[in-house]
Amino acid sequence: MTPAYAADPSPAELRAQAQEVFKPLPSTVPSVKDNRITPEKIALGKALFFDTRVSASGVFSCNSCHNLATGGDDNLETSIGHGWQKGPRNSPTVFNSVFNAAQFWDGRAEDLKAQAKGPVQAGVEMANTPGQVIATLKSMPQYIEWFEAAFPGEADPVTFDNFAKAIEAFEATLITPAPFDAFLNGDDDAITVEAKQGMQLFIDKGCASCHGGINIGGEGYYPFGLVEKPGADVLPENDKGRFAVTNTADDSYVFRAAPLRNIALTAPYFHSGKVWDLKQAVAIMGTAQLGEALNDKDVDLIVAFLDTLTGKAPEVTYPILPAETSTTPKPVATIIPAN
């Protein structure tokens, strides 16, 4: 019997199906809630994104864990932070993160503004305080000028809230249009026959029920191990995911569905960062979430589809940052004990 994926799916029919569950990226920078995006705010946010001095040690910046040169993450199992401590979860990509319903694997930050404040204050990441961040920024006249330009009319624009808003504005520009978007927008030849077959499988087998929308995921929360719970080598027993946010038993081992744009660039996979091969990750999702052992051909075709989600990263020129002054706080290496 000839497999269903042997023929080239009708582009028009496949596109119609795809448009019911997916959405292409917008052609302009998306707006964000309560934070009007301006060129001045973007420029300030870019400087802050790359500035290691917002960390207590002066070693880590946002770009350390969300490296724009390596798919928007750090390609580590879990990130390394202050005092070379190892973080608890894999670092998600910053590319297209503006389209996620919430931030972090457990969704504890409602938007990128809230997310930007978290790592700065986490003892295992940047280990800093809002007050020290603002003291650092105010010690450099150029930063004060940039904040005044980005937040005109404010009596004291150099605040921790505005720090987060500027980073959010910059991160909202980090979108990566891909061949997948060209196909959704009407280009039949933007992706290969194999990728079209893989997209058909992705939809038909139910992958798109969790990984849909504009970011091919990132919009809902689901148990990892919906059908069959993975072993502790993939799903650590001491990380119960969203349960820590809601304290609801039903949220044990529940995580935000991973957004799949640029997934081919962001190994290792899952919140644990334990799986380095994309084909293996797809196979695990088949058994854990669908209750199906995907055959090698199915896995190859689904990966061919996922490859079409690799987009063109925006060109980002490394910013020249303001120079320290005699009042700029000095780096510290003290590790704050966990509560």
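Okay, let's start with a serine: S79 has a relative accessibility of 11%, so it counts as buried, the cut-off being under 20%. Before I go further, keep in mind that this is a predicted model.

So where does S79 sit? You'll find S79 in the loop between α3 and α4. Its side chain makes a polar contact with the side chain of D74, at 2.5 Å. If we leave out residues up to four places away in sequence, S79 touches C65, D74, Q85, K86, G87, R89 and S91.

There's another serine I'd like to show you, S61. This one is in the loop between α2, residues 39-50, and α3. Is S61 buried or exposed? It's buried, because its relative accessibility is 7% and the cut-off is under 20%. The side chain of S61 reaches the backbone nitrogen of N63 at 3.1 Å. And again not counting residues up to four places away in sequence, S61 touches F49, F50, D51, T52 and M126.

Now over to helix α7, where we find I167. I167 counts as buried, with a relative accessibility of 0%. Its contacts, once you skip residues up to four places away in sequence, are G45, L48, C62 and A116.

The largest pocket holds about 870 Å³ of space. It's lined by 41 residues, and the ones nearest its centre are F104, R108, P119, A122 and E125. Which of the elements gives the most? That's α4, with six residues. If you sort the lining of the largest pocket by class, you get 20 nonpolar, 16 polar and five charged residues.

Then there's the second largest pocket, with a volume of about 700 Å³. Here 39 residues do the lining, and H211, A258, L260, F270 and M285 are the closest to the centre. On the element side, β1 (221-223), β2 (254-256), α11 (278-290) and α12 (296-307) each supply at least two lining residues. The largest share of this lining comes from α11, which provides seven residues. By class, the lining of the second largest pocket divides into 26 nonpolar, 10 polar and three charged residues.

Pick I167, back in helix α7, and then pick A258, one of the residues closest to the centre of the second largest pocket. How far apart are I167 and A258 in space? C-alpha to C-alpha, they're 22 Å apart, and in sequence they're separated by 91 residues.

Notes: Residues are numbered from 1 along each chain as its sequence is written. This is a predicted model: local features need pLDDT of at least 70, side-chain atom pairs count only at pLDDT 80 or more; totals for chains, interfaces and linings use all residues. Side-chain values use heavy atoms; hydrogens and water are left out. On a 1 Å grid over the protein atoms alone, a cavity is a set of points where a 1.4 Å probe fits but cannot get out, and a pocket is an open set with protein on both sides within 12 Å along at least five of seven lines; lining residues have an atom within 4 Å of a point. Grid points are joined across faces, edges and corners, and a volume is the space filled by probe spheres set on the points. Helices (H or I, at least four residues) and strands (E, at least two) are DSSP runs, numbered from the N terminus. Ala, Val, Leu, Ile, Met, Phe, Trp, Tyr, Cys and Pro count as nonpolar, Asp, Glu, Lys and Arg as charged, and the others, Gly among them, as polar. Buried means under 20% relative accessible area, exposed over 50%, partly exposed in between (1.4 Å probe, protein chains only). A polar contact is a pair of N or O atoms within 3.5 Å; within protein, one must be able to donate a hydrogen and the other to accept it, and residues adjacent in sequence count only if both atoms are side-chain atoms. Contact means heavy atoms within 4.5 Å.
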